[in-house]
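Please check each one against the coordinates as you go.

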Amino acid sequence: MKGHKITNTKDALKFMFAGKSIVTFLNSQSGNRFTFKIKAYKDSNLFFVSVLTSPDTYTYIGTCIEGQYKHGKKSHITKDAQSVKVFEFMLNRLKTNNLPDFLEVWHEGHCGKCGRRLTVPASIENGLGPECIKTLTLADKRDKFLELILS
């Protein structure tokens, strides 16, 4: 698979909720995978979640508020769809740090906050550029949000 695997659950959550991330969840046993775009609404803890439905098309499925997924009323994909169930399952497993070894989190080599291509090895590993990770780790609001998700 093209991209980079994120091995730490905290790094995965930090990447996912950085503001402009594209994340792929892969089941290495079955080969099934789903790619999601998670985009922040302005400067808040509201995130819009979309799933990749064709090569360049993402379809809205719902929102995440304070780390809780809520299916969107205007979504054209039902809440019983496998992609929606996978997103909810993976989010809950990441929050509880209880991810089986065969379930993997990948990013495409772009910063989860600004979308620029990553070139620094440490940044490639966690999915966030060196300047963007500074703003995330220093921001009290972001730290409190991550604590909320992880609790």
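1. Two strands are taken to pair if DSSP finds at least two bridges between them, and the elements themselves are DSSP runs numbered from the N terminus, with helices (H or I) of at least four residues and strands (E) of at least two. By that criterion β1 and β7 pair in the antiparallel sense over three bridges, and within this pairing Ile6 stands opposite Val105 in β7.

2. On provenance, this is a predicted model, in which local features need pLDDT of at least 70 and side-chain atom pairs count only at pLDDT 80 or more, while totals for chains, interfaces and linings use all residues. Residues are numbered from 1 along each chain as its sequence is written, and side-chain values use heavy atoms, with hydrogens and water left out.

3. The protein chain has five helices and seven strands, and from the N terminus on its elements run β-α-β-β-β-β-β-α-β-α-α-α. The seven strands form an open sheet in the order β1-β7-β2-β3-β4-β5-β6, with antiparallel pairing. Because β1 (4–6) and β6 (68–71) stand at the edges with a single partner strand each, one side of each is left without a neighbour in the sheet. The twist averages 35 degrees from one strand to the next; axes here are lines fitted to C-alpha atoms, for helices over the stretch in contact, and angles run from 0 to 180 degrees between N-to-C directions.

4. Strand β2 (residues 20–27) is joined by seven bridges to strand β3 (residues 33–40), the two running antiparallel, and Lys20 has Lys39 as its bridge partner in β3. Five bridges join β2 to β7, again antiparallel, and here Phe25 stands opposite Val105 in β7. Helix α1 (residues 9–16) lies across β1, β2, β3 and β7 (103–107), running at about 135 degrees to β2.

5. How many of the residues of β7 are buried? Taking buried as under 20% relative accessible area, exposed as over 50% and partly exposed as in between (1.4 Å probe, protein chains only), five of the five residues of β7 are buried, so this strand is largely enclosed by the rest of the structure. Both of its faces are covered, with Leu103, Val105 and His107 buried on one side and Glu104 and Trp106 buried on the other. In a regular strand the side chains alternate between the two faces of the sheet. Over the whole protein chain, 42% of the 151 residues count as buried.

6. The aromatic packing deserves a careful look. Rings of Phe, Tyr and Trp (its six-membered ring) pair if their centres lie within 6.5 Å, and planes under 30 degrees apart count as stacked, over 60 as edge-to-face and the rest as tilted. A search of the whole structure finds eight such pairs. Phe25 and Phe36 form a tilted one, at 5.6 Å centre to centre and 45 degrees between the planes, which links strand β2 to strand β3 across 11 residues of chain. Phe25 is buried at 2% relative accessibility, and Phe36 is buried at 0%. The rings of Phe25 and Phe87 have their centres 6.3 Å apart and their planes at 40 degrees, so that pair is tilted; it connects β2 to helix α2 (residues 82–95), the two residues being 62 apart. One aromatic cluster contains Phe25, Phe34, Phe36, Tyr69 and Phe87.

7. With contact meaning heavy atoms within 4.5 Å, and not counting residues up to four places away in sequence, Phe87 touches Met16, Phe25, Phe36, Ile38, Val49, Cys64 and Tyr69.

8. Leu52, in strand β4 (residues 46–54), counts as partly exposed at 31% relative accessibility. Leaving aside residues up to four places away in sequence, Leu52 touches Thr35, Thr57 and Tyr58.
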